[in-house]
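Hello,

Here is the structure for your files. My notes follow below it.

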Amino acid sequence: MANQPPDKKSAGFKKLGARHKARRRAVDLLFEAEARDIDPAELLSERVSLSVRDDSVAPVNPYTRVLVEGVADDLDRVDGTIESYLQDWALSRLPAVDRAILRVAVWELFHANDVPPVVAVDEAVELAKELSTDDSPSFINGVLGQVVQVAPQVRAAAAATRAPRDDDK
């Protein structure tokens, strides 16, 4: 037994899946776009073009594209939602990386029907552990815990507006 390698979970290792890596890259791109004061979709387009021209640049995961384009298209509503759950804080006062993490998670909660809400929240907390301050994981968890409660209604409303009506057929 002593010669067996340690269990990865007990050794503090966590296997990172493709979606986790895609989320992390989306957070990186949103963070960079804000720092450079450019549209996230424009930055994404630059990175996609660069990866096509230069083999040393990693290609952009399709889910990263979905996240960045989704957040960029719905930024006002996503930010408004986040701000409405910040008690005695303004969105602009949060660390920029926390804003990017929250934007990805809120967009997923509202629009990614293939992502269970608990996964979106857990992934955001993990990203905060990796990228932000010691206080950020619990703060992000608290904000998203409130957003989760309204997410089903937002998803249902979005689905209702996308569904064809009988008189449209």
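Thr64 is found in helix 3, where helices (H or I, at least four residues) are DSSP runs numbered from the N terminus. With a relative accessible area of 1%, Thr64 is buried, a term that means under 20%, with exposed over 50% and partly exposed in between (1.4 Å probe, protein chains only). Leaving aside residues up to four places away in sequence, Thr64 touches Ala22, Arg25, Ala26 and Leu29; contact means heavy atoms within 4.5 Å.

This is a predicted model, in which local features need pLDDT of at least 70 and side-chain atom pairs count only at pLDDT 80 or more, while totals for chains, interfaces and linings use all residues. Residues are numbered from 1 along each chain as its sequence is written, and side-chain values use heavy atoms, with hydrogens and water left out.

Helix 3 (residues 62-73) also holds Glu69, which is partly exposed at 40% relative accessibility.

Asp37 is not a glycine, yet its phi is positive, near 55°. Asp37 sits in the loop between helix 1 (18-36) and helix 2 (40-53) and is exposed, with a relative accessible area of 70%. Asp88, also not a glycine, has a positive phi of about 60°. The loop between helix 4 (75-84) and helix 5 (96-111) contains Asp88, and Asp88 is exposed at 76% relative accessible area.

Regards

Conventions: Helix = DSSP H or I, 4+ residues; strand = E, 2+ residues; numbered from the N terminus.
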